[in-house]
Amino acid sequence: MTFRLCACHPTVTHLLQPLDVAFFRPLKTAWRSILTQWKLGNARNGTVPKEQFPALIKLALEKMDSVQTKHQNQAQENAIRRILINGFEATGVFPLNGERVLKKLP
């Protein structure tokens, strides 16, 4: 396997970050849902205690992972895996696709 090292202009790296493009938005949506549920049951607490945070983030990841796909052939694959793969493909990072990278640049 051949690896290529690419340099990006510092002002465009956010366009080429697979996690920024595909992963963090669904995680943020799931987190907000879990946090809202937690706040309804814990009205006295203003913030999530440190010892409860890992359990809540796990619930958010599980919620995110349970999203169903519209495509039949991807039904067996978990949602997080699918989101990560799609993020890398969408940015053109892997497999390397120079045209996709250039389309994202302003």
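Is Phe 24 buried, partly exposed or exposed? Colleagues, the model I am presenting is a predicted one. In this model, Phe 24 has a relative accessibility of 40%, so the residue counts as partly exposed.

Let me continue with the aromatic residues. Two aromatic pairs turn up when the whole structure is searched. Phe 24 pairs with Phe 23, the ring centres lying 5.7 Å apart; because the planes stand at 70 degrees, the arrangement is edge-to-face. Phe 23, at a relative accessible area of 12%, is buried. The pair of Trp 31 and Phe 53 is also edge-to-face, with 5.4 Å from centre to centre and 65 degrees between the planes. Phe 53 is partly exposed, its relative accessible area being 40%.

Lys 58 is exposed at 51% relative accessibility, whereas Glu 62, at 41%, is partly exposed.

Finally, I come to Thr 91. This residue is in helix α3, which spans residues 79-91, and it is buried, with a relative accessible area of 0%. Its side chain reaches the backbone oxygen of Gly 87 at 3.0 Å. Beyond its sequence neighbours up to four places away, Thr 91 touches several residues, including Leu 15, Pro 18, Val 21 and Lys 104.

Technical notes
Residues numbered from 1 in each chain as written. Predicted model: local features only at pLDDT ≥ 70, side-chain atom pairs only at ≥ 80, totals over all residues. Heavy atoms only, no water. Helix = DSSP H or I, 4+ residues; strand = E, 2+ residues; numbered from the N terminus. Buried < 20%, exposed > 50% of the residue type's maximum accessible area, 1.4 Å probe, protein only. Polar contact = N/O pair within 3.5 Å; in protein donor to acceptor, adjacent residues only side chain to side chain. Contact = heavy atoms within 4.5 Å. Phe/Tyr/Trp six-rings, centres within 6.5 Å; stacked < 30°, edge-to-face > 60°.
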